[in-house]
Every structure is written in C-alpha cells, then in structure tokens.
Amino acid sequence: QVQLLESGGGLVPAGGSLRLSCAGSGRTFSNYNVGWFRQAPGKEREFVAAIKWNGLRIYYADSVKGRFIISRENGKNTVYLQMNSLKPEDAAVYSCNAGVDVLSGAPGHYWGQGTQVTVSS
C-alpha cells in the first residue's frame, strides 16, 4: 500500500518555474515506478513524465521534453517534477501516480490528490 501527497503547485507567470513534490508513504515507495499526469479543465488526463524505481530510466511527454525534469530521492521517499519555461498550456491539476505501467505512460494503481498549477500569460 502506498499513499502519495503532492505539493508545490501555485500561480506562476509564463516563463517561470515551479517544483512539484510527491511524497510517498510506506517503506516500499522506493520500489515503485512513479509518474506525473496532468488534467486541464475540459481536457483528458495526459501523461507528463515518469521515473523508474531506481531512477535509471526516465520518460517525458513530447510537450514537456527539454523543459521539465523528473527526479527522485528514495531516501526521502520523494519524487520531484521541476518545471521550467512554463507556458499557459501547462496549467492543470498535476497528480502523482505509482505503479508498474507508469513507465509506458499508463497510470498505475496509486494516485495522489493532485496539486493545481496555474500559469498566467
């Protein structure tokens, strides 16, 4: 059983940066692949980025490649999403997800509650 808690969302001007954190509970969090998904109003949820449990494989959606960086500190049970050069179209609720399939862009079993990112133009 894994519980996920996101933080770090907020309002930022276009071109700015934010760092999201996903804190996992449970001693097995470090064994899970973790990803970030986002959903904007009226749009379907989309994959953003994912990182393998050991940090040795990382995947990004084309829309964020070169701007976002996913990383993890297993000693702190935390996965980060550094978001740079933010655009208005990046505005969404960002949710952390853990599971086997997340590396392929499909959500795993465990979800956080989400954190809102708003980008002003």
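Author: Start with a rule: a disulfide is a pair of cysteine sulfur atoms within 2.5 Å. By this rule the count here is one disulfide. The model is a predicted one, in which local features need pLDDT of at least 70 and side-chain atom pairs count only at pLDDT 80 or more, while totals for chains, interfaces and linings use all residues. Residues are numbered from 1 along each chain as its sequence is written, and side-chain values use heavy atoms, with hydrogens and water left out.

Reader: What makes Cys22 and Cys96 a disulfide?

Author: Their sulfur atoms are 1.9 Å apart. The cut-off is 2.5 Å, so the pair of Cys22 and Cys96 qualifies. Cys22 sits in strand 3 (residues 18-25) and Cys96 in strand 9 (residues 92-98), 74 residues apart, and the pair links distant parts of the chain.

Reader: Why is the disulfide of Cys22 and Cys96 called left-handed?

Author: The torsion about its S-S bond is about -75°, so the disulfide is left-handed.

Reader: What counts as a strand, and how many does the protein chain have?

Author: Helices (H or I, at least four residues) and strands (E, at least two) are DSSP runs, numbered from the N terminus. The protein chain has eleven strands and zero helices.

Reader: Why is Arg38 called buried?

Author: Buried means under 20% relative accessible area, exposed means over 50%, and partly exposed lies in between, with a 1.4 Å probe and protein chains only. Arg38 has 6%, so Arg38 is buried. Ser21, in strand 3, has 16% and therefore counts as buried too. Cys22 and Cys96 are both buried as well. Buried residues make up 44% of the 121 residues in the protein chain.

Reader: Which label do Glu46, Asp62 and Gln116 get?

Author: Glu46 has 33% relative accessibility, so Glu46 is partly exposed. Gln116, in strand 11, is partly exposed because its value is 42%. Asp62 has 66%, so Asp62 is exposed.

Reader: What makes the pair of Glu46 and Arg38 a salt bridge?

Author: A salt bridge is a side-chain nitrogen of Lys or Arg within 4 Å of a carboxyl oxygen of Asp or Glu. The closest N and O atoms of Glu46 and Arg38 are 2.6 Å apart, so the pair meets the rule. The structure holds five salt bridges. Among them is the pair of Lys65 and Asp62, at 3.1 Å from N to O. Another joins Arg67 and Asp90 at 2.7 Å. Arg67 is in the loop between strand 6 (58-60) and strand 7, and Asp90 is in the loop between strand 8 and strand 9. Both Arg67 and Asp90 are buried.

Reader: What makes a group of residues a nonpolar core, and which residues touch the most other members of the largest one?

Author: A nonpolar core is a set of buried Ala, Val, Leu, Ile, Met, Phe, Trp, Tyr and Cys residues joined through side-chain atoms within 4.5 Å. The largest one has 34 residues, and Trp36, Leu81, Met83 and Tyr94 touch the most other members. Strand 5 (46-51) is one of the strands that each supply at least two residues; strand 5 gives the most, with five. In soluble globular proteins, nonpolar side chains tend to be buried together.

Reader: What is Met83 in contact with, apart from its neighbours within four places in sequence?

Author: Contact means heavy atoms within 4.5 Å. With those neighbours left aside, Met83 is in contact with Gly16, Ser17, Leu18, Leu20, Arg67, Phe68, Tyr94 and Val117. On the same terms, Gln116 is in contact with Gly9, Gly10, Ala92 and Val93.

Reader: How do you know that the radius of gyration of the protein chain agrees with a compact globule?

Author: The radius is taken over C-alpha atoms, and the globule rule is 2.2 Å times the number of residues to the power 0.38. For 121 residues a compact globule would have a radius near 14 Å; the protein chain has 13 Å, which agrees. Along its principal axes, the C-alpha trace spans about 40 × 25 × 25 Å.
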